[in-house]
Amino acid sequence: MEHDNTHKLAIFRGTLKFKSNTQKIWGVLIFLSLITIVEVGFGIVKPAFLTENHFIGMKLLNWLFIILTLVKAYYIAWDFMHLRDEKSSLRRAVVWTGIFLVAYLLFILLQEGTYIEGIKTNGYVKWNF
């Protein structure tokens, strides 16, 4: 059985097609740079509607940073680590493991943040079991 070693030159499910690997690398670099520029822009400007509104105990700006970072990480794994060329079962195992890990880390972050906020506002917190 012959294995196809050619790299796919299209991104975004074939929406953008490139003629060579060099063009594709530049296209992906521009895509990832645009996301980073948006992140840095929001970090510098800090719009009031993103810093004053909260969702599940965290500012919307922090949610935006987390989501954009996950988009970049997912795309890097999908394209540069050739995850899209793997079998669907391996892709699902890698992606779902990452999703569960991120959800668990977010839970710990929110739980510990709430505890620390309680310490700051109320002083010593004694648990009454």
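**Entry 1, the second largest pocket.** I began with the lining of the second largest pocket and found that its largest share, five residues, comes from H4. I keep in mind throughout that this is a predicted model. Helix H3 (60-80) and helix H4 (88-122) each give at least two residues to that lining, and among the lining residues I noted Leu70, Tyr74, Val95 and Ile99. Sorted by class, the lining has nine nonpolar residues, one polar residue and no charged ones, and the pocket holds about 310 Å³ of space. Because domain 1 (1-85) and domain 2 (86-128) both contribute to the lining, I place this pocket between them.

I looked up UniProt, where an unreviewed entry places the feature "transmembrane region" at residues 25-45, 60-81 and 93-110. In the model, residues 60-81 are 95% helix and 0% strand, with end C-alpha atoms 30 Å apart, while residues 93-110 are 100% helix and 0% strand, with end C-alpha atoms 26 Å apart.

My search of the whole structure gave four aromatic pairs. In one of them, phenylalanine 31 and tyrosine 75 have ring centres 5.0 Å apart and planes at 65 degrees, so I recorded the pair as edge-to-face. Since phenylalanine 31 lies in helix H1 (residues 21-45) and tyrosine 75 in helix H3, the pair ties together parts that are 44 residues apart in sequence. Tyrosine 75 is buried, with a relative accessible area of 8%.

I then turned to tyrosine 74 and tryptophan 78, a stacked pair at 5.8 Å centre to centre with 15 degrees between the planes. Tyrosine 74 is partly exposed at 42% relative accessibility, and tryptophan 78 is partly exposed at 24%.

How values were computed: Residues are numbered from 1 along each chain as its sequence is written. This is a predicted model: local features need pLDDT of at least 70, side-chain atom pairs count only at pLDDT 80 or more; totals for chains, interfaces and linings use all residues. Side-chain values use heavy atoms; hydrogens and water are left out. On a 1 Å grid over the protein atoms alone, a cavity is a set of points where a 1.4 Å probe fits but cannot get out, and a pocket is an open set with protein on both sides within 12 Å along at least five of seven lines; lining residues have an atom within 4 Å of a point. Grid points are joined across faces, edges and corners, and a volume is the space filled by probe spheres set on the points. Helices (H or I, at least four residues) and strands (E, at least two) are DSSP runs, numbered from the N terminus. Ala, Val, Leu, Ile, Met, Phe, Trp, Tyr, Cys and Pro count as nonpolar, Asp, Glu, Lys and Arg as charged, and the others, Gly among them, as polar. Domain bounds come from an automatic or database domain assignment. UniProt positions are given in the numbering used here, feature names are shortened, and annotations may be inferred rather than shown by experiment. Rings of Phe, Tyr and Trp (its six-membered ring) pair if their centres lie within 6.5 Å; planes under 30 degrees apart count as stacked, over 60 as edge-to-face and the rest as tilted. Buried means under 20% relative accessible area, exposed over 50%, partly exposed in between (1.4 Å probe, protein chains only).
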